[in-house]
Amino acid sequence: MEYMTESTDRSPGLILCCECGIAVSPNPANICVACLQSKVGISQGIPKQVSLLFYKQCQRYFQPPGTWIRCALESRELLALCSKDLKLRLQKEVMNGAVLQQVFVVDYAVQSQICGDCHRVEAKGFWRAVIQVRQKTLHKKAFYYLEQLILKYGMHQNTLRIKEIHDGLDFYYSSKPHAQKMVEFIQYTVTCRYNASQRLISQDVHSNTYNYKSTFSVEIVPICQDNVVCLSPKLTQSLGNMNQICVCIRITSAIHLIDPNTLQVADIDGSTFWSHSFSSLCHPKQLEEFIVMKCSIVQNIKHGADAGMISKKHTLREVWVQKTSEMNTDKQYFCHTHLGHLLNPGELVLGFDLASCNLNDEHGNKMNSEFQINWKLKELNMDTDDERQYQDFLEDLEEDEAIRKNVNIYRESTIPVESDDDEGAPGISLAEMPEDFHISHDATGEEDASMMI
């Protein structure tokens with residue numbers, strides 16, 4: 001009798017799937033993996049619909065537990081936010097190491113809900129810091145330029161509210177650091193100065209905490225591009241003896257000026273401006289239309305030994321122009337311009353007639369007072385306050401010879417008499433003025449005159 005040895009290599013038996021009848025390894029469910037995956041869902045407990053909270057006023061999404069963030073549509077940030085809201089388990093181990101995988105669709109619904117910051121903004125008077133930007137001008141070109149820069153660099157994102165008032169803008173913020181960042185941006189953009197203050201709103205003596213409201217008052221210089229300004233003599237001396245009458249060609253963190261008579265340029269920062277402040281002589285509504293009659297390039301420009309930088313982008317020209325409103329007359333105006341590289345005869349230009357403008361400037365009035373007339377008129381003893389109109393009449397009298405024929409003009413002995421060498425300049429000749437005429441007034445209007453020859 002022989003004994004047979006049992007083989008040590010044993011393979012498990014197979015059973016038939018109760019659903020499809022294929023041979024599978026024995027398992028508690030007596031079913032194959034394919035049939036099990038079709039009947040059993042591994043996505044149980046995972047939500048098929050998820051809500052995203054969004055507030056359109058500030059364009060932010062809610063990120064649990066308590067943060068609101070900005071995300072663009074189809075952006076990586078928005079995908080990361082959706083993944084945090086949904087914990088996915090896409091595979092599961094079942095039946096002796098068998099792994100089930102299943103694909104399913106999750107729908108996200110965007111629901112509107114006001115964020116905490118905007119909710120506080122809707123409350124009356126809520127803010128922690130305010131920036132009051134002001135400029136004392138008749139136009140808003142500086143604010144339009146500032147608005148575009150704010151939009152370009154996204155400086156309005158932390159702003160709670162922007163309020164427009166008569167001479168400026170108010171920016172409201174929920175925190176003081178956001179306001180300080182905005183003030184630094186404005187200082188980098190335009191020439192300005194600011195003052196900061198704060199007011200105590202409430203305090204907790206037990207926790208030693210205080211609640212303040214901060215205010216930043218920003219004042220932009222009252223100068224804009226293409227403004228004609230009159231500098232003080234002390235300032236022009238420090239800038240290389242420039243002429244007092246200059247033109248502003250650009251405004252950044254400094255004021256860029258050019259002398260239209262010599263093409264000398266200079267930059268004035270904020271501290272220098274507020275130490276030697278000046279204003280615009282004319283406003284844009286005083287611009288008049290001229291036609292260029294004749295122009296010629298100035299070849300030899302005289303500069304002092306201590307003159308500053310000279311512009312290479314401009315060309316100095318002598319120009320004769322005439323107002324389009326005076327084309328039926330022969331009256332023309334002579335001037336120098338730094339825009340010689342742009343002007344040609346027959347072209348129309350806009351300019352300021354400083355001779356006819358009513359200037360109300362401290363430095364400009366001092367310049368006019370230096371050019372004293374050396375003649376005078378008789379005057380009745382009357383009380384009048386129209387000094388400016390009287391000065392305008394004297395200027396017209398000096399320029400128009402036809403009017404002077406009907407007026408007695410007398411030489412002012414207290415002012416030195418200049419020669420008549422300048423034939424092109426308007427004025428009264430020495431032959432038209434008797435010497436040293438003295439007038440004494442009385443209440444009756446009679447005068448006692450004596451002539452000294």
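**Entry: N227**
I began with the contacts of N227. Leaving aside residues up to four places away in sequence, N227 touches P222, C246, V247, C248 and S280; contact means heavy atoms within 4.5 Å. I placed N227 in the loop between β13 (209-220) and β14. Helices (H or I, at least four residues) and strands (E, at least two) are DSSP runs, numbered from the N terminus. Is N227 buried or exposed? N227 is buried, because its relative accessible area is 5%. The cut-offs are under 20% relative accessible area for buried and over 50% for exposed, with partly exposed in between (1.4 Å probe, protein chains only).

**Entry: ground rules**
I noted that this is a predicted model, where local features need pLDDT of at least 70 and side-chain atom pairs count only at pLDDT 80 or more, while totals for chains, interfaces and linings use all residues. Residues are numbered from 1 along each chain as its sequence is written, and side-chain values use heavy atoms, with hydrogens and water left out.

**Entry: the sheet with β14**
I followed β14 into its sheet. Four strands form an open sheet in the order β14-β15-β16-β17, with antiparallel pairing. The edge strands, β14 (228-230) and β17 (265-268), each pair on one side only. On average, neighbouring strands of this sheet are turned by 40 degrees against each other, direction ignored. The axes are lines fitted to C-alpha atoms, for helices over the stretch in contact, and angles run from 0 to 180 degrees between N-to-C directions.

Strands β15 (residues 245-251) and β16 (residues 255-258) pair in the antiparallel sense over four bridges; two strands pair if DSSP finds at least two bridges between them. Opposite I251 stands I255 in β16.

**Entry: cysteines**
How many disulfides does a search of the whole structure find? The search finds zero. C17 is in no disulfide, and its nearest cysteine sulfur, that of C20, is 3.7 Å away. The cut-off for a disulfide is a pair of cysteine sulfur atoms within 2.5 Å. I also looked up burial. C17 counts as buried because its relative accessibility is 5%. C115 is buried too, with a relative accessible area of 1%.

**Entry: whole chain**
The secondary structure comes to 10 helices and 25 strands. Of the 453 residues in the chain, 33% are buried. Among contacts between residues at least 6 apart in sequence, 59% join residues at least 24 apart. The chain exposes about 30,500 Å², and carbon and sulfur atoms supply 50% of it. Accessible areas come from the Shrake-Rupley method with a 1.4 Å probe; for residues, only the protein chains shown count as cover.
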